[in-house]
Amino acid sequence: MIKTLLTLMLLVGALLTACGDGDGVQTQPPDAASAPEPAPVGRIDRSDVGPAQVISLSLKELDLPAGADKVTPSGAVSDALLKDGQLRFSTPGDTGEDQEAAFEIRSGATTSVRHLLLRSPRPTVVEAYEHTPGESPPRPELTIEGLGPDNALTGAPLTFRVKGLSAPDLKDRSRGWITDGRTNTILVKLKDFWSFNPEDSSLSISGPAMQQILGMLPKGDFELGLNLSSRANGKEFTANYYTRVMKADARLSGKLLSQQGDPVSSLAGRKVLLEGIHTRMRAVAVLDANGAFAFERVLPDVYFLTLSDLDYPNAIRISFPIYEDSTQAQVSMVVPPGLGVDTGAKTAAKRTPSGSLAARSSVTQDGQGPAARSIPATKRSAPSAPLSAEGADRAVFSAFRYTQLPRA
């Protein structure tokens, strides 16, 4: 009898183990195959994507589903949109260092991640130059004290100091220079202006000396290079360093206007992107409640100015120059018709003619418009058929009507 009871108890225990613990909860571990798969991760390898730009990339080229319906940006990028089979986003201004961004893209239950590296076109970090990479120890870090924002030369004293250097005498064998960023022409020899401090092995340029240097430089973008070398107390040290510096004091202010000339107030908080052609300056400003924006320390160059609009990429985009002698430049951007932007004018639809999306603009510098320049008339080839008197008059008018043009 006892043996029969033990047998029944063992059978009941086996059944409970197979079915659960008696309260309907499965005690077996979940199937590993049912766990969610990690999101596919990839990298957007595009060298033409830089700071202060509106970018549109094909989802197909990024190996992403055409039906993707949600994107979440992170890192350096905060504005992104999925539209018309494209990933659209705007990039931040240049910080002088490379920046990382990521996009989490969802298509139904599928999630993919794409990473993007934004390279600085004007690096302001001090970089060491290695003659034989891998065959010598890394160059110690160099710090430059006295540079302004964006590595601007402000007239403040400059001090060059190598971290961790055990005070070799850099006075006699070291050299430094400021060169034109495009031609590599030496504009200033720093050795003529600096002094050596033996206590911390630093090289310093005083405020008055910096004022002399600024007087020797035009406004622009430059490369500052150092060749630090010493043989003192039986120790030898040699290292090359370089970084970008600039001399700029122009301020660019602007406003966004409707077709009727009214300030556009409905786009407050939107971004305006500044992109230089030659100096590669990239900056971002934000529209205020009156549609106004401003950029400080703008280099002389030819610029593109773009309203960051992901629904209508680059529809509001103008180009203009900043002259070397300018200190205050003003630019206006006019919202073209057809964009569906609320300009605050109730009668805009009635007064705005239909037409091109080309954005109009105007520019003044130090209160003056661009100077006119003379364009010599060129000879035209003889027409294939004789012209009537009226046609000849029109031809002569065409040949000379553009002899005076505003400077681009």
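Hi everyone. Let's start with the overall make-up: the protein chain has four helices and 26 strands. Please keep in mind that this is a predicted model. The chain holds 408 residues, and 38% of those are buried. If we take the contacts between residues at least 6 apart in sequence, 64% of them join residues at least 24 apart.

Strand E4, residues 79-83, and strand E5, residues 86-90, run antiparallel and are joined by five bridges.

As background, most residues other than glycine have a negative phi. Which way does the phi of Asp 150 go, positive or negative? For Asp 150 it is positive, about 60 degrees, although this residue is not a glycine. You can find Asp 150 in the loop between strand E9, residues 142-145, and E10. Asp 150 has a relative accessible area of 33%, so it counts as partly exposed.

Ser 201 is another case: not a glycine, yet with a positive phi of about 55 degrees. Look for Ser 201 in the loop between strand E13, residues 195-197, and strand E14, residues 202-205. Is Ser 201 buried or exposed? Its relative accessible area is 2%, so Ser 201 is buried.

Now for the largest pocket. The space in it comes to about 380 Å³. Which elements give two or more residues to its lining? They are strand E11 (175-180), strand E15 (220-232) and strand E21 (301-307). E15 provides the largest share of the lining, with four residues. In total, 19 residues line the pocket, and those nearest its centre are Asp 180, Arg 182, Gly 220, Asp 221 and Thr 279. And what kinds of residue make up this lining? There are nine charged, six polar and four nonpolar residues.

Asn 227 has a relative accessible area of 13%, and because the cut-off for buried is under 20%, Asn 227 is counted as buried. Which residues does Asn 227 touch, if we leave aside its neighbours within four places in sequence? On one side of the numbering there are Arg 173, Ser 174, Arg 175 and Trp 177, and then we have Thr 238, Ala 239 and Asn 240. With Asn 240 there is also a polar contact between the two side chains, at 2.4 Å.

My last stop is Asp 172, in the loop between strand E10, residues 158-162, and E11. Is this residue buried or exposed? With 56% relative accessibility, Asp 172 counts as exposed. Let's see how Asp 172 sits relative to Ser 230. The two are 58 residues apart in sequence, while their C-alpha atoms are 7.8 Å apart in space.

Technical notes. Residues are numbered from 1 along each chain as its sequence is written. This is a predicted model: local features need pLDDT of at least 70, side-chain atom pairs count only at pLDDT 80 or more; totals for chains, interfaces and linings use all residues. Side-chain values use heavy atoms; hydrogens and water are left out. Two strands pair if DSSP finds at least two bridges between them. On a 1 Å grid over the protein atoms alone, a cavity is a set of points where a 1.4 Å probe fits but cannot get out, and a pocket is an open set with protein on both sides within 12 Å along at least five of seven lines; lining residues have an atom within 4 Å of a point. Grid points are joined across faces, edges and corners, and a volume is the space filled by probe spheres set on the points. Ala, Val, Leu, Ile, Met, Phe, Trp, Tyr, Cys and Pro count as nonpolar, Asp, Glu, Lys and Arg as charged, and the others, Gly among them, as polar. Buried means under 20% relative accessible area, exposed over 50%, partly exposed in between (1.4 Å probe, protein chains only). A polar contact is a pair of N or O atoms within 3.5 Å; within protein, one must be able to donate a hydrogen and the other to accept it, and residues adjacent in sequence count only if both atoms are side-chain atoms. Contact means heavy atoms within 4.5 Å.
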